[in-house]
Amino acid sequence: MQNKSTSHHPLWKITLSPATITLIPVAVGINYVAKAFAEGLKLPVWLGSLGTFLASMLGGPLAGAISGFTNNIIYSLTLSPMSGVYSITSIAIGLTVGLLFARGWFKTKKCILLAALVIAVISAVISTPLNIIFYGGQTGIVWGDTVFALLVGHHFPVWVASFLDEFMLDILDKIVVAYLAAFIYHQLPQRLISFFKKVR
Amino acid sequence: MTTLTWFQRFDPVTKLLLILCLGLASFVIPTLTINWLLVFILFLLAISIGKLSSLVKILSFSLFFIATMIIVQGLVNPGNHTLLWRIEILNFYKEGVNYALLLGSRLLTIVLTTFFFIATTSVTENARYLESQGIAFKKVYMFISVCYILPQMMANLHQIKLAQRARGIGQQKSWLYRFKMLFPILVPLVVKTLDQAMTRAIALQLREYDNPQRQPQPLIHHYLLARFNHYLLSILIIMLGGMKVWLLIQK
């Protein structure tokens, strides 16, 4: 799919061009609206990283990382104060998506599934210590926390229970977001893709 | 000239440093009682600002979360051994409940200090102050433009939803159908938003948004001891961070 992309753009470079300073806020906006829409449809996923995925695909890992970071900081200063803590996770998601996309992991359906698994594992690995520090290992999602309670009740270590709690919630979300982002990227006109490639 | 309220006398950076400082303090204070006393003081401060509906909204999720933590930790915390109370077949233990209350007090400290920032600082005030502190306009613009893009995106979402409803795409109960709904609504919205972003980027370039001659906008308020507050809070943050590291090493 990303054959539309241009391989001559350096991966780890970003300039604050007009394309960048409009792509990043738009990515944050997409995260917000996608999350609101998923909540409206009562879907069992958040979709709150769709914009970060698209920013990474269009602008590279750094654009994705900045989008993820900005998203969590703005969220924490407007709607949900504890979101700021998870800005590290969002940075990691942005970097991973950008890197995997550049390596061609979003080319086929099987590759996208594999990419989503990698992203979910990374997201859960980074979020788990944060969940333990701030929430004793829970995530705040009732069915995930039920699994956490059952595992801890059966003498599993807290970090294993917390990781599984987080991973279970992340995996479905990241699979849906990865396929959706790849589909949207494929629908974008070439002029738009070329324009945002200027980010790098 | 209008009289400033007490919270308008503090600049946005002081408020942000205060969030970090009090958040760290709640992690250093080992006593449950002092932590909840801090929460109580912050709660009184939050009430004094007004905006009670926003306060209730922001606290409701945290309080629900604390309730689930008390249940889960009270029941299954690995350190549990002193029975506190029993409800039917469920045994709640003191150690788990205390641990959940400690975590809860830290959570509320962060939430209430952040509420103080949210309720007392406007986007314009933030932007002007950050620019006056020497942060490049490009970065400030990137940060604040989200606040202007969101209403536009929500309006687009509403428009697309209406159009799709008119074509007969409604809400159904099955999850599969609801997942399918993402495509006719979310995909056009994202494509349209990216297209508008491209137009905005071109307009920005044409208007010379990064003109080096640009003068920052004047500040909205005259802030009280801004520089002194920054130094004082920064020193406190370093000290609290050091204390936390020391406490961890002592363990």
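Q: Which residues of chain A does UniProt list for "transmembrane region"?
A: This is a predicted model, where local features need pLDDT of at least 70, side-chain atom pairs count only at pLDDT 80 or more, and totals for chains, interfaces and linings use all residues. Residues are numbered from 1 along each chain as its sequence is written, while chains are lettered from A and ligands numbered from 1 in the order in which they are written. UniProt positions are given in this numbering, with shortened feature names, and annotations may be inferred rather than shown by experiment. The unreviewed UniProt entry lists residues 12-33, 45-66, 86-106, 113-135 and 141-164.

Q: How far apart are the end C-alpha atoms over residues 86-106 of chain A?
A: Helices (H or I, at least four residues) and strands (E, at least two) are DSSP runs, numbered from the N terminus. Over residues 86-106 chain A is 76% helix and 0% strand, with its end C-alpha atoms apart by 25 Å.

Q: Is α2(A) roughly parallel or roughly antiparallel to α3(A)?
A: Helix α2 (residues 50-59) and helix α3 (residues 61-76) of chain A have axes that come within 6 Å and cross at roughly 155°. Axes are lines fitted to C-alpha atoms, for helices over the stretch in contact, and angles run from 0 to 180 degrees between N-to-C directions. Under 35 degrees counts as roughly parallel, over 145 as roughly antiparallel, 65 to 115 as roughly perpendicular and the rest as oblique. That crossing angle therefore makes the pair roughly antiparallel.

Q: Which helix gives the most to the side of chain A that touches chain B?
A: Residues are in contact if their C-beta atoms, placed from the backbone, lie within 7 Å. The contact takes 43 residues from chain A and 49 residues from chain B. Helices that each supply at least two residues of the chain A side include α3, α5 (109-135) and α7 (158-187). With 15 residues, the helix that gives the most is α1(A).

Q: How many charged residues are on the side of chain A that touches chain B?
A: Asp, Glu, Lys and Arg count as charged; Ala, Val, Leu, Ile, Met, Phe, Trp, Tyr, Cys and Pro as nonpolar; and the others, Gly among them, as polar. This side has 32 nonpolar and 10 polar residues, and the number charged is one.

Q: Is α1(B) roughly parallel or roughly antiparallel to α9(B)?
A: Helix α1 (residues 12-28) and helix α9 (residues 226-250) of chain B pack at about 20°, with their axes 9 Å apart. That angle makes the two helices roughly parallel.

Notes
Two residues are in contact if their C-beta atoms, placed from the backbone, lie within 7 Å.
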